[in-house]
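Here is a short report for a reader new to this structure. Have the sequence and the 3D view open while you read.

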Amino acid sequence: MVSTHMSLQRPAAEEAAHSRRPASRRRWVRWAPAVLFLAPAVAILAVFRVLPFVYAGYYSLTEWDGIEPPTFVGVDNYARLLSDPVALEAIKNTGLLVLTLPLWIFLPMAIAILVHEGMWLGRAIRLALVIPILLSPAIIGLYFSLVLRLDGPVNELLGAIGLGGLATEWLAEPHTVMPAFLTIALWGALGLGTLFYGAGLASLDDELYEAAAIDGASTLQRVRHVTIPHLRPVAVFWSLFVLISFFTAMFPLLFTLTSGGPGHRSTTIDLYIYQAAFENFDFGYSAALGTSVLLLVAVLAVIQLRLIARGDEA
Amino acid sequence: MSTAVATRARGQRLRMLPATVMLALVGVTTAFPLLYALVTALRTQSDYGRGSLAVPREITFQNLQDAWQAAGLGRLAVNSLIVVSISVAVTVLVSSMAAFALVHLGLPARVGRFGTLTALFLLALPSTVLITPIFKVTLDLGLLNSYLGLVLVYVSLSSPFGIYMMTTYFRAVPREILQAAEVDGASAPRRFVSIAIPLARPAMATLTALTALTLWNDLLFSLILIQDPQRRTLTVGVSLLESSFAQSSSAVVLTAGLLISTLPPLVLFIFMNRSLMRGLVAGALK
Amino acid sequence: MIHSIAEARPDRRRFLRLLGGGAAVMAAGPVLAACGADETSGGGGEMTGELEVWDFLRAAWPEWKQVQTRADERFQGAHEGATVKRVEQPSDTATYNQLLQSAITSRSGPDVLLMQPYTAGVFSFQSGLADITDAVDPAIVEAVEPSLASAQADGKLYGLPTGLQANVIFYNKEIFAAAGLDPDAAITTYDQLVGAGQQLKSAGYTPIAGGNKEGEINGWMNSFLFPGLGTYEDSLKLASGEMEFTDDLMVEVVERYVAMVSQGLFTEGMQSMPLSDYEPQFRNGEAGMILSLATNGINLSGAVGNDNLGVIQAPGIASATPHYYPAGTALVWCVSRFSERADLAAEFVASLADADTSQDLYTTVGWLPANTTAETGDTDYPVLAEMADAYSTYEIHEAPGTQWRADLANAYKSQLQLVIAGSASAVEALAEVQRVADQSR
């Protein structure tokens with residue numbers, strides 16, 4: 001970056017360089033604006049995101065209580081991870097979330113398309129769906145712990161429609177806690193997804209629609225051949241965002257809903273990282289978990305991008 | 001809204017009726033927590049004790065007043081407003097610039113893709129593990145207790161998403177428009193300001209709203225980085241209303257505080273709902 | 001005296017520091033450069049100036065604030081040129097821990113900190129806390145001697161306790177009478193407790209109010225039921241690793257508790273109810289008893305009437321030989337190792353644990369004093385007097401869970417959730433806790 005700057009400041013020196021290395025000079029001039037435009041983001045991210053991550057990577061190779069200087073222990077923390085049943089259970093639970101990714105991709109897409117197609121109450125519904133993301137997870141968590149408790153409205157409703165036998169402590173039963181959490185998380189994210197798809201649809205050219213109408217295409221055909229292909233980039237964007245959220249953003253809601261219990265049946269990997277650091281005071285291990293998760297996400301993201309690219313070719 | 005929508009038949013809406021009913025029901029459930037928070041904030045503690053989900057018998061504004069005064073929320077709200085609005089402005093600007101550079105400033109496609117992936121990678125960093133190192137870096141730079149430090153940390157937290165999102169939207173801007181401007185002699189900043197920004201304004205509005213929401217709700221970083229009580233943010237003030245020792249004595253006041261802190265983003269979204277949606281007007285991104 | 005993990009840790013840490021400290025500084029560069037710099041700080045410093053005090057109860061608890069403000073004024077009156085600046089902090093433990101963690105790691109932060117006792121706080125942050133043994137009046141240390149284990153390890157004193165804590169069951173005398181129970185007959189055994197619960201249940205009341213979403217009640221019931229089955233010596237063996245968690249003693253403790261749950265003696269749906277949400281059932285007369293903390297006595301007296309509130313202490317304490325009254329410390333005031341006014345801070349901490357402040361806490365907030373020289377005579381709250389009486393009658397020792405390493409205590413709480421849900425047996429759950437105990441740290 002410094003050299004770029006100098007090259008802009010000193011045309012004479014640049015010209016001299018030009019005579020020797022014309023190709024490289026042209027490239028620099030061509031890239032100078034790009035570098036300058038990237039500089040602020042790169043600088044901030046390098047200092048406040050990459051550097052801390054380098055530290056965290058170092059801590060992951062140490063035993064550290066968070067206070068005394070860390071003790072280097074090599075890959076012990078990583079080795080421990082592989083034999084820690086709680087970590088494996090947490091990865092399994094996060095894996096369960098990943099398996100539901102198609103729901104997260106297609107439900108908001110369907111809602112956005114329905115709204116776009118002029119469904120009655122469309123806008124009101126879209127606004128209502130956004131409300132959960134505006135409220136603090138503390139309110140959402142408290143609300144659902146009330147709604148889902150044994151004498152709460154959900155169980156009463158089940159009783160009223162003759163399914164009283166299904167009534168249970170949804171957030172405390174080992175086999176219902178993950179499905180219940182998953183439903184609440186998805187429910188909470190519908191609005192955001194619809195918002196993104198909606199923004200994508202707003203740019204859909206009505207002329208394309210009219211052309212399709214003139215061709216005598218049915219609504220379904222039009223949606224299939226015009227609308228959905230148009231939403232592809234948004235879907236790619238959204239799906240990667242959701243994937244990353246599974247690994248990093250579940251714990252605020254989970255914390256207030258279940259605290260990861262019963263046992264560790266609803267502990268996801270990001271909640272476990274948090275608990276390892278701030279409840280068990282085991283920072284080195286927490287950092288090792290975090291670093292491993294990052295690698296896992298990177299691999300998954302690349303796989304996902306490959307799948308998408310293959311889809312593009314097909 | 002548009003001709004195509006206008007000409008869509010009533011029959012089509014009727015066919016969508018089952019889905020409409022289902023989604024309306026879902027919409028009721030998503031709106032309900034807000035109603036719940038509102039009702040809880042407006043009832044007395046003893047009334048709340050009768051049943052947290054029961055219909056209240058008496059309404060009071062005392063909780064809102066208590067929460068407001070106990071935590072000095074007025075001043076804290078101003079602090080939040082300052083920090084969040086600056087952070088959001090910087091995030092949107094810096095991310096848009098970076099995304100523009102990655103997509104439209106002649107970098108090889110390979111580099112552009114790498115940049116986007118890096119942003120994704122940075123987005124995936126688990127904050128939990130980074131809290132202590134981030135605190136360290138801020139301290140070493142002498143930025144502890146300063147809004148500048150908090151703003152920079154906020155920008156670093158939200159710009160990976162910003163860059164990732166903006167590259168997606170800039171990719172949809174036709175290269176030809178920008179190339180034509182370049183041929184006409186428009187400089188890179190000029191192309192950014194007079195072509196890219198107007199075209200991406202809707203996406204930037206979405207990014208603004210989302211970033212504002214995320215940062216407004218942040219508790220951890222503002223609590224840790226700003227230790228001077230006078231400079232704290234609203235979420236920190238609200239978190240003080242929670243009392244773990246004198247259990248349940250303050251559930252309604254706490255909810256009142258949470259509700260107060262929810263209002264600004266709520267207003268922002270209702271305000272922006274139209275522009276967010278109308279935002280990407282047909283034709284803007286052909 | 002206590003062969004606990006808490007005691008073993010500092011030795012190991014010092015050893016590890018010798019081994020790895022230097023290398024760590026080099027490898028981690030600027031992050032740790034600061035750490036090496038003032039290894040010897042703490043102790044000494046000026047005797048005037050401002051003391052920054054982190055207090056996580058002040059914001060949401062007016063009575064606590066009153067007592068502390070009076071204490072601050074007394075201290076400032078006695079120390080010319082010294083001022084106290086209280087900073088309100090969130091009471092949520094995990095949030096507060098993150099704050100402490102950042103401040104201590106970076107060797108910045110306050111002079112005085114309010115901390116959880118034992119491994120839940122003091123011992124997990126002890127390398128960031130100053131040893132105040134030589135900085136406080138020995139008379140104060142002597143006065144709080146029975147509670148010192150909450151803040152003392154390895155011959156070092158990391159803070160002074162503010163009050164006593166125990167898990168007790170409070171009950172509503174009117175409801176007891178309505179269910180045909182004698183409200184004034186003391187419940188002293190497990191069987192009596194279960195019997196009373198069943199009678200309340202058949203009279204249509206929730207026997208014991210509880211909210212166990214966080215698993216906190218699991219830990220509390222361990223403190224409550226252990227003494228009737230095990231001795232203090234047993235609890236020490238458990239903490240030091242001499243006794244395994246799968247020992248018959250612990251299995252029996254768990255089975256007694258689980259039997260109470262499966263007989264429906266706790267709030268129906270307790271497992272998904274947050275701890276913060278269960279008190280209303282007791283306050284509004286749905287529940288006859290409530291599992292709570294001793295420090296909650298005044299609060300609950302106010303709710304159901306001072307003379308209407310009774311207290312049930314851990315069963316079996318009267319018959320246990322030797323006596324084992326499972327108590328602990330409510331909270332501890334500590335001095336940061338990085339304080340520039342450590343001696344002044346230590347004197348301040350001593351003033352917060354002295355007889356005056358302890359007595360004020362007793363009458364205003366209802367905390368039983370850790371300071372044995374404080375008067376506990378006059379009170380409007382019969383339950384307080386009764387608990388104070390028990391404290392002076394029985395031999396007080398730490399409740400068993402207080403000595404467990406943090407990850408062990410958390411594992412115990414979460415594993416018992418599985419037992420209650422019926423997807424693990426007591427032995428399986430305890431074996432898992434033992435696995436965590438065996439795990440190298």
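## Terms and basis

A polar contact is a pair of N or O atoms within 3.5 Å; within protein, one must be able to donate a hydrogen and the other to accept it, and residues adjacent in sequence count only if both atoms are side-chain atoms. By that rule, seven residue pairs are in polar contact across the interface of chain A and chain B (both at pLDDT 80 or more).

This is a predicted model: local features need pLDDT of at least 70, side-chain atom pairs count only at pLDDT 80 or more, and totals for chains, interfaces and linings use all residues. Residues are numbered from 1 along each chain as its sequence is written, chains are lettered from A and ligands numbered from 1 in the order in which they are written, and side-chain values use heavy atoms, with hydrogens and water left out.

## Chain A against chain B

Contact means heavy atoms within 4.5 Å. In that sense, 85 residues of chain A touch 92 residues of chain B. Buried area is the accessible area (1.4 Å probe) that two parts lose on being put together, summed over both. For chain A and chain B the buried area is about 8,200 Å², with 77% of it on carbon and sulfur atoms. A:Phe37, A:Arg49 and A:Trp120 supply 11% of the area that chain A buries against chain B, more than any other three residues.

A salt bridge is a side-chain nitrogen of Lys or Arg within 4 Å of a carboxyl oxygen of Asp or Glu. Between chain A and chain B the count is zero salt bridges. Which helix gives the most to the side of chain A that touches chain B? Helix α3 (residues 22–59) of chain A does, with 21 residues. Helices (H or I, at least four residues) and strands (E, at least two) are DSSP runs, numbered from the N terminus.

## Chain C against chain A

Here 51 residues of chain C meet 43 residues of chain A. The two chains bury about 3,900 Å² between them, 56% of it on carbon and sulfur atoms. Between chain C and chain A there is one salt bridge. It joins the side chains of C:Arg435 and A:Asp84 (3.9 Å, N to O).

Nine residue pairs are in polar contact between chain C and chain A (both at pLDDT 80 or more). The elements giving two or more residues to the side of chain C that touches chain A are α1 (5–28), α2 (30–37), α4, α16 (406–420) and α17 (426–438) of chain C. α1(C) gives the most, with nine residues.

## Inside chain C

Chain C has 17 helices and 13 strands. Buried means under 20% relative accessible area, exposed over 50%, partly exposed in between (1.4 Å probe, protein chains only). Of the 441 residues in chain C, 62% are buried. Among contacts in chain C with a separation of 6 or more, 79% are between residues 24 or more positions apart.

The expected span of a helix is 1.5 Å times one less than its number of residues. Helix α4 (residues 93–105) of chain C has 13 residues and should span 18 Å; its end C-alpha atoms are 18 Å apart, which agrees. α4(C) is mostly covered, with 12 of its 13 residues buried. Among them are C:Tyr96, C:Leu99, C:Leu100 and C:Ile104. Just after α4(C), C:Arg107 takes a positive phi of about 55°.

Helix α8 (residues 216–229) of chain C has 14 residues and should span 20 Å; its end C-alpha atoms are 21 Å apart, which agrees. In α8(C), 10 of the 14 residues are buried, so the helix is largely enclosed by the rest of the structure. Those buried include C:Trp220, C:Met221, C:Phe224 and C:Phe226. A kink of about 25° lies at C:Ser223, shortly before the proline C:Pro227. The bend at a residue is the angle between axes fitted to the seven residues ending there and the seven starting there.

## Backbone exceptions in chain A

Most residues other than glycine have a negative phi, and most peptide bonds are trans. A:Leu121 has a positive phi of about 65° although it is not a glycine. A:Leu121 lies in the loop between α6 (101–116) and α7 (122–134) of chain A. Is A:Leu121 buried or exposed? A:Leu121 is exposed, with a relative accessible area of 56%.

A:Ser259 is not a glycine either, and has a positive phi of about 55°. A:Ser259 sits in the loop between α13 and α14 of chain A, and at 21% relative accessibility A:Ser259 counts as partly exposed. A cis peptide bond joins A:Gly261 and A:Pro262, with omega about -5°. A:Pro262 is in the loop between α13 (251–257) and α14 (269–278) of chain A.
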